[in-house]
Amino acid sequence: MRYEYKTKDTCSQMIRFDIDGNVISNIEFYGGCNGNLKAISKLLEGSTVEEIENKLLGNTCGRRATSCADQLAHAVREAYDKLS
């Protein structure tokens, strides 16, 4: 299933990805640091919700309390919880 998440307090405005059970694929960020976010998407392809949370949850950017990576961790958890 394709899921769309509107980010909060980051340069990226939205994250889209596919979720099948607890496996995430086809991650796309809209806005933000294009090169870094493409790399994150490639590195996490096929990861589970739990793996993404363990790696990214709590990651900050500058003085912000969140980051695009942290927002992805929140997004995959929200998607998983809604589908469960």
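This is a predicted model: local features need pLDDT of at least 70, side-chain atom pairs count only at pLDDT 80 or more; totals for chains, interfaces and linings use all residues.
Local features were taken at pLDDT of at least 70 and side-chain atom pairs only at pLDDT 80 or more, whereas totals for chains, interfaces and linings use all residues. Residues are numbered from 1 along each chain as its sequence is written, and side-chain values use heavy atoms, with hydrogens and water left out.

Helices (H or I, at least four residues) and strands (E, at least two) are DSSP runs numbered from the N terminus. Helix H3 comprises 16 residues, 68–83. From first C-alpha to last, H3 reaches 23 Å, close to the 22 Å expected at 1.5 Å a residue, the expected span being 1.5 Å times one less than the number of residues. Buried residues (under 20% relative accessible area; exposed, over 50%; partly exposed, in between; 1.4 Å probe, protein chains only) in H3 include Cys68, Leu72, Val76 and Ala79. Asp70 and Gln71 of H3 are also buried. The cover over the buried residues of H3 includes strands E1 (2–6), E2 (12–20) and E3 (23–31), together with helices H1 (34–44) and H2 (49–56).

Ser41 lies in helix H1. With a relative accessible area of 9%, Ser41 is buried. Beyond its neighbours within four places in sequence, Ser41 is in contact (heavy atoms within 4.5 Å) with Ile27 and Phe29.

A pocket was defined on a 1 Å grid over the protein atoms alone as an open set of points where a 1.4 Å probe fits, with protein on both sides within 12 Å along at least five of seven lines; lining residues have an atom within 4 Å of a point. The largest pocket has a volume of about 180 Å³, volume being the space filled by probe spheres set on the points, which are joined across faces, edges and corners. Of its 13 lining residues, Cys33, Leu37, Cys61, Ser67 and Cys68 are the closest to the centre. H1 and H3 each give two or more residues to this lining, and H1 gives the most, with 3. By class, the lining has 7 nonpolar (Ala, Val, Leu, Ile, Met, Phe, Trp, Tyr, Cys, Pro), 5 polar (the others, Gly among them) and 1 charged (Asp, Glu, Lys, Arg) residues.

The structure holds 0 disulfides, a disulfide being a pair of cysteine sulfur atoms within 2.5 Å. For Cys11, the nearest cysteine sulfur is that of Cys33, 5.9 Å away. Cys11 counts as partly exposed, at 40% relative accessibility. The sulfur of Cys61 is too far for a bond because the closest cysteine sulfur, in Cys11, is 6.2 Å away. Cys61 is likewise partly exposed, at 42%.
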